Each structure stands twice: as structure tokens, then as C-alpha cells.
Amino acid sequence: MEARKRLIAALDVDSKEKALDLTRILTPYVGMFKIGMELFYSCGPGIINIVREQGGEVFVDLKIHDIPNTVSRAVKKLTGCGASIINVHAAGGKDMMKAAAQAAEDESVRMGKQCPLVVAVTILTSIGKQELNNELCISGEVKDQVHHWSLMAQDAGLHGVVSSAREAPVIKNTCREDFKIITPGIRPAGSAAGDQKRIVTPLDAVNAGAAYLVVGRPIIAAPDPAKAAAGILQEMTAGE
Ligand code: C5P
């Protein structure tokens, strides 16, 4: 897949105007836009179609985590709204993930459209070993937990996971070839980590086997977002 199609820009803004400004500027450089909680809660589900009409495909990043019945109904709605990627928390358990996958499949068939990718959030990239062990009370290494949840997500019929690219090799080694790894926590050389802990450069993420790279602040908070996105595309292909 060409680099542009693999780059997802996070529209972490609070209005339709700001989101559309960014989609207009960034469309030549990114293949998909991510609508997270801030934009979704500011504008409502209609923002998905608005971004699709102007900018292309949409990853709806609401990190759904609830009982299977509730998750199923939420995923059905997001599938109907035109999301290309939807995510749920692996911590919600296998039955919850199965319900999510089934709902997306059923609604897509009913509407006669392509099924969105339904992926599981493993360990947030803002969590390190210290927080995993001492706050979440999950023992061991981050990579072992990510590995466990990735296998669980695959068994549940999901299409991939969200993780740091640091864990991508272990996922690649054990999951299906077409099981997608989506990696946030991307930081071009020299940029600020912010609240992210398990950060990786664009080239390292590509080399580790990430299917998609999610980038927020390094693009949208840059003085020139188009230039920043172009720079990331260049970094992604630096090894070719
Ligand atoms: O600004 P930054 O590049 O850190 O933004 C990363 C984006 O990816 C944010 O929108 C964040 O919500 C999202 N994300 C994440 N870690 C995950 C899943 C999604 O950082 N595990």
C-alpha cells in the first residue's frame, strides 16, 4: 500500500470548521481522517459523512467499551454512519469483541456496503510498564499483554488491533498475515512526545509492520500541517 493511504491524520479539534480546514489542507497527504471523541462529541455523528464527502475515509475512534449488547448496537450505528474503521477496547472481553464484529458484518450486509475494519485497542500508547503493573494491576511486560489481547481479538473475528509499533513485531509473528496493526504514538525525529510513552518514528513504524500510522499533534499542531504531513510521508518511505 502506498504511504499516503497508510497515513491517518487525527482531527483532534472541536468544530466542523477546524476539521474541514484540516481535511482540505491534508487530503493530498493522508489517506484517512480520524474522528475522535472531541470532534464527535462536538459535532455529532453527522460529522462522519461531512468529512467523508470532503476528505475521504474516516476512522471513528470512540474506543467503545461496554457490555456486548450495547457495543453491538453502537457498532451497528457507526457502520451505518459510514465509518471505515471502528475500534473497541480489547479489555471488554471476547464476547464483546465478537458482538462488535458481528454487528459490523450484519449491518454492512443489510446496507449492501463494504464492512468496516473493526479493531481492538490493546494497551494505550500513553501507558508504560509502570502504569500497566502498578495502576492497571496487570503484571508482566506491555508486549505480552498486547500479544494476548491481539490473539483474543483475532479469535473474536476482529480485523486488527491498535497498539504501539513497538509491539508490532510480536503481533506480526503470531497473528494472521492480513491482521491489521494500527499504530498511534508516532513521533517524527525531534518532535515532542507529549502524553505518549511508547513512541516510534514513522520509518520504524513502517518497518515494524504497521498497516496504518495515526498522527495527531505532530501534524495538526504544526505551524504548517501540510508540510508536516509531507515530511512524515517522506520519513515513511526513507528506507525505500
Ligand atoms: O497527537 P498524537 O499523535 O499523540 O495523537 C494520537 C491520536 O491517536 C489521538 O487522537 C489519540 O486519541 C489516538 N490514540 C492513541 N492511542 C491509542 C489509540 C488512539 O493515541 N491506543
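A strand is a DSSP run of E with at least two residues, numbered from the N terminus. By that count, β3 gives the most to the lining of the largest pocket, with 3 residues. The model is predicted. Its ligand sits in that largest pocket.

**Ligand shell**

- The ligand is surrounded by 16 residues.
- The closest of these are Asp12, Lys34, Arg187, Gly216 and Arg217.
- By class, the shell around the ligand holds 7 nonpolar, 3 polar and 6 charged residues.
- Three elements are named as giving two or more residues to this shell: β3 (57-64), β8 (212-215) and α11 (217-220).

**Polar contacts and cover**

- Lysine 34 places a polar side-chain atom 2.7 Å from an oxygen atom of the ligand.
- Arginine 187 also has a polar side-chain atom 2.7 Å from a ligand oxygen atom.
- For glutamine 196, the distance from a polar side-chain atom to an oxygen atom of the ligand is 2.8 Å.
- On its own, the ligand has 470 Å² of accessible area, and the protein covers 88% of it.

**Largest pocket**

- The volume of the largest pocket is about 520 Å³.
- It is lined by 28 residues.
- Closest to the centre of the largest pocket are Lys34, Asp61, Lys63, Pro184 and Gln196.
- At least two lining residues come from each of α3 (37-43), β3 and β8.
- The lining of the largest pocket divides by class into 11 nonpolar, 9 polar and 8 charged residues.

**Second largest pocket**

- The second largest pocket contains about 230 Å³ of space.
- Its lining has 13 residues.
- Glu57, Ser84, Gln114, Cys115 and Pro116 are the closest of them to the centre of the second largest pocket.
- By class, this lining has 7 nonpolar, 3 polar and 3 charged residues.

Note on methods: Residues numbered from 1 in each chain as written. Predicted model: local features only at pLDDT ≥ 70, side-chain atom pairs only at ≥ 80, totals over all residues. Heavy atoms only, no water. Near = heavy atom within 4 Å. Polar contact = N/O pair within 3.5 Å; in protein donor to acceptor, adjacent residues only side chain to side chain. Areas by Shrake-Rupley, 256 points an atom, 1.4 Å probe, with all protein chains shown as cover. 1 Å grid on protein atoms, 1.4 Å probe; cavity = no way out; pocket = protein on both sides within 12 Å on 5 of 7 lines; lining within 4 Å. Sits in = over half its atoms within 2 Å of the grid points. Helix = DSSP H or I, 4+ residues; strand = E, 2+ residues; numbered from the N terminus. Nonpolar A, V, L, I, M, F, W, Y, C, P; charged D, E, K, R; others polar. Points joined across faces, edges and corners; volume = space filled by probe spheres on them.
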